[in-house]
Amino acid sequence: MKLSDSVNVLLLGSGGREHAFAWKISQSPRVARLFIAPGNAGTASLGTNVDLSPTNFGSIKQFVLNNNINLVVVGPEEPLVKGISDFFHEDNDIHHIPVIGPSMQGARLEGSKEFAKAFMARHNIPTAAYRAFGKDTLEEGYAFLEQLQGPYVLKADGLAAGKGVVIVDDIAEAKRELQAMLSGKFGAAGNTVVIEEHLKGIECSVFVATDGTNFAVLPEAKDYKRIGEGDTGLNTGGMGAVSPVPFADETFMRRVREEIIAPTVAGLRAEKIDYKGFIFIGLMNDGGRPYVIEYNVRMGDPETEVVFPRIESDIIDLFEAMAFGRLDKFQLKVSPRTATTVVCVSGGYPGDYTKGYPISGLDTPSESIVFHAGTALKQGKVVTAGGRVLAVTSLGNNIADALAQSYATIAQIDYEGKYCRRDIGQDLERLLKS
């Protein structure tokens with residue numbers, strides 16, 4: 001089987017990741033029409049935004065049938081965890097339409113930290129030692145914390161919008177956080193809390209496309225989660241990213257393939273889990289040894305904004321290979337250039353912030369790609385509509401050149417409360433000089 005030469009695509013999601021998807025999809029000569037549900041002010045220039053919730057499966061089905069959609073691409077994790085792939089596969093009217101994203105069972109790799117850790121244990125995939133606790137085992141959780149050395153890592157088992165991980169240095173604070181999480185700090189996502197050993201090293205993210213049997217390794221990236229410079233302050237959805245990562249050399253990536261990626265894909269197949277989509281593997285590099293911090297079952301944000309600009313292959317060809325089990329015959333072409341993205345956020349984020357501020361300077365000529373994340377169109381004008389507003393991506397011959405272009409573009413853009421970190425990639429530049 002294959003997709004037609006003229007493809008109508010429905011892309012689900014509304015953030016910077018989805019703008020990057022739309023940007024890449026729109027470049028394919030195979031695309032006839034691109035719809036984005038619900039999209040943002042940036043995606044509106046690349047296709048047609050549709051006022052549909054990515055988790056309203058019934059409305060999505062009707063739209064797919066009414067608009068002759070040939071391919072559905074799922075950006076965020078929530079529709080996957082709620083079973084959109086299963087919904088399509090089990091419905092006689094739409095089961096023939098490929099969905100890029102795993103089944104509900106496969107999505108548990110992200111939807112349940114406890115499931116993911118147990119999966120890694122079953123398939124001998126290197127990760128931190130852990131135990132999981134609920135309200136009825138709170139005292140056991142306290143005892144387990146006392147067996148560990150700080151920093152202490154606590155993770156809400158379920159989806160918490162990228163904010164369900166707490167890392168603290170003090171044992172008393174760790175116990176308070178455990179009680180708070182089990183008492184509803186992260187809602188139902190924290191009904192179970194995974195406590196794990198703190199891994200030491202430097203982090204990076206590896207992205208894998210799989211058809212359930214074969215896989216292709218996409219460009220790796222490093223992102224920056226903390227709101228403050230020097231990696232200080234609260235965790236966010238991501239303040240910037242860099243690709244490639246200097247320490248992810250050939251030797252390290254060979255170990256990642258052999259010890260983590262191949263066993264992960266083989267494990268999914270052995271457990272008869274249908275998985276045709278992306279796997280985001282958060283890794284710790286501990287002296288050249290890779291350990292899995294977490295799985296996500298979709299592309300990352302803002303990492304997609306540096307990964308996709310480096311991919312030279314037609315993305316519809318990639319999706320086709322993923323959907324129909326032909327990734328072993330697909331040739332992924334990647335640019336050797338460096339990509340950096342710097343995220344501009346709303347004042348107050350990741351706490352309370354105000355929406356609706358007009359954004360100026362978006363039409364200023366620039367070599368950067370300005371991906372919209374939290375934006376909307378209001379009376380014909382682009383306004384802020386989220387905590388993370390824009391991701392400004394540039395390509396260069398090295399990190400410094402790419403970053404200089406991103407920051408120059410950011411200087412031309414303005415809205416009330418604009419904030420970005422000025423130290424994205426500086427740790428990698430220091431590493432290259434050492």
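**View 1. The buried residues of helix α8.** In this predicted model, helix α8 (residues 171–185) has the buried residues Ala-174, Glu-177, Leu-178, Met-181 and Leu-182. These residues cover an arc of only 125° around the axis, which places them on the same side of α8. The arc is that of the directions from the helix axis to the C-beta atoms. Buried means under 20% relative accessible area, exposed over 50%, and partly exposed in between (1.4 Å probe, protein chains only). Helices (H or I, at least four residues) and strands (E, at least two) are DSSP runs, numbered from the N terminus.

**View 2. The two sides of α8.** Arg-176 and Ser-183 are exposed residues on the face of α8 turned away from its buried side. The cover over the buried residues of α8 includes β6 (130–134), α7 (138–147), β7 (152–156), β8 (165–168) and β9 (192–196); a contact requires heavy atoms within 4.5 Å.

View 3. The protein contains 13 helices and 22 strands. Of its 434 residues, 56% are buried. Among contacts between residues at least 6 apart in sequence, 70% join residues at least 24 apart. The C-alpha trace spans about 60 × 50 × 45 Å along its principal axes.

**Notes.** Residues are numbered from 1 along each chain as its sequence is written, and side-chain values use heavy atoms, with hydrogens and water left out. Because the model is predicted, local features need pLDDT of at least 70 and side-chain atom pairs count only at pLDDT 80 or more, while totals for chains, interfaces and linings use all residues.
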